[in-house]
Amino acid sequence: MQDKRCSLKEAVQMIQDGSMITFSGFTIWRRPMAAIYEMLRQGKRNLHLIEVNSGTHTEMLIGAGAVSIWESCWNGHELYGKVPYCMDRKMKSGEIIVEDYSHQHILYRMQAGAAGVPYLPTWASRGTDILNPEYDMLGKAGLRDGKNPRIPLQKFGYAPDPFYDEGEIILVPAARPDVCIIHAQQVGEEGTVRVMGQTFSDEQAAKAADKVIVIAEEIVPESYLREDPDRNLLPSYMVDAIVEVPWGAHPTGMYGCYDVDGAFINDFATASKTESGTQDWLDEWVYGVGSHEEYLDKLNVSRLMNLRTNSFYKYSTRAKRGSN
């Protein structure tokens with residue numbers, strides 16, 4: 001079998017400027033943060049993000065000026081109560097295009113991509129401005145002209161129901177990302193992926209993408225994962241590169257490994273209220289750190305141990321909850 005193991009730097013070098021990217025996880029859980037930081041250190045630009053759900057990682061990418069197009073249904077820092085200041089600024093200044101879908105629409109788009117079909121039908125969002133052609137931002141920008149094969153010719157389509165004659169149904173176009181970056185608890189030596197806890201829309205995102213990069217807490221023997229194949233998320237042949245990066249989802253949480261670092265997310269969210277605050281934070285935690293190992297050293301062991309989960313409860317028994 002092909003050896004897919006590589007360094008984090010090498011994995012991120014597989015991503016080209018202008019690529020359409022999607023990620024694993026949900027809001028502040030199991031995001032491939034180490035890869036996000038490395039993307040920024042490598043100066044990736046003009047990225048097109050298409051996500052079932054966005055979060056802190058999205059704000060960092062947008063705040064750093066790495067994103068030109070964003071398609072999803074929501075962005076923010078979940079329970080930490082901060083609005084997506086970076087996206088708000090960049091959208092108002094015209095630096096990024098924001099294409100809004102409902103949660104069901106964007107999930108159906110990813111599922112269509114995973115199934116290899118050009119669209120899926122739905123009734124979702126009838127009677128709302130989600131379907132208002134006035135808010136087709138990619139269309140307004142003249143980007144639905146067929147020149148970019150990743151961008152559909154229409155935001156939505158419509159067709160009569162041919163089976164039960166129940167009226168006009170909405171058609172949502174498939175998502176077809178260039179790259180999906182997944183953070184998982186375990187990956188086999190050949191690329192078999194195991195995610196513990198909720199898998200969210202990771203399977204659909206990976207199957208919709210042309211290339212899959214897996215960042216994992218640990219690389220384990222394929223023989224171990226194949227003892228319980230029903231617990232695995234993706235087979236090895238779907239994965240293009242694997243990297244072992246312990247604590248690679250920090251500051252987002254990793255079920256069974258470590259909790260969300262709420263204070264860290266809150267500090268970034270507060271700094272992101274202003275452009276200068278965002279850049280100062282990025283200078284300290286991204287550009288001023290040469291590697292993931294240096295990042296962990298900067299966080300310090302006691303902070304990380306406070307987040308580490310109890311193997312029975314699957315959450316930290318040390319971290320204080322109810323506050324940042």
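A residue counts as buried when its relative accessible area is under 20%, and as exposed when that area is over 50%. Ile130 has a relative accessible area of 18%, so Ile130 is buried. The model in which this value was computed is a predicted one.

Ile130 sits in the loop between β5 (119-122) and α6 (137-140). Which residues does Ile130 touch, leaving aside its neighbours within four places in sequence? The contacts are Asp100, Tyr101, Ser102, His105, Ser125, Lys155 and Phe156. Pro160 lies 30 residues from Ile130 in sequence, and the two C-alpha atoms are 20 Å apart in space.

The rest of this report turns to the chain as a whole. Its secondary structure consists of 12 helices and 11 strands. For 324 residues, a compact globule would have a radius of gyration near 20 Å, and the chain agrees with this because its own value is 20 Å. Along the principal axes, the C-alpha atoms fill a box of roughly 60 × 50 × 35 Å.

Some values for the chain are listed here.

| Property of the chain | Value |
|---|---|
| Buried residues | 53% of the 324 residues |
| Contacts between residues 24 or more positions apart | 73% of the contacts with a separation of 6 or more |
| Accessible surface belonging to carbon and sulfur atoms | 50% of about 14,500 Å² |

Charge is the last topic. The chain carries 33 positive and 44 negative side chains. The centres of these two sets are 3 Å apart.

Definitions and conventions. Residues numbered from 1 in each chain as written. Predicted model: local features only at pLDDT ≥ 70, side-chain atom pairs only at ≥ 80, totals over all residues. Heavy atoms only, no water. Helix = DSSP H or I, 4+ residues; strand = E, 2+ residues; numbered from the N terminus. Rg over C-alpha atoms; globule rule 2.2 N^0.38 Å. Buried < 20%, exposed > 50% of the residue type's maximum accessible area, 1.4 Å probe, protein only. Contact = heavy atoms within 4.5 Å. Areas by Shrake-Rupley, 256 points an atom, 1.4 Å probe, with all protein chains shown as cover. Lys, Arg positive; Asp, Glu negative; His and termini not counted. Charge placed at Lys NZ, Arg CZ, Asp CG, Glu CD.
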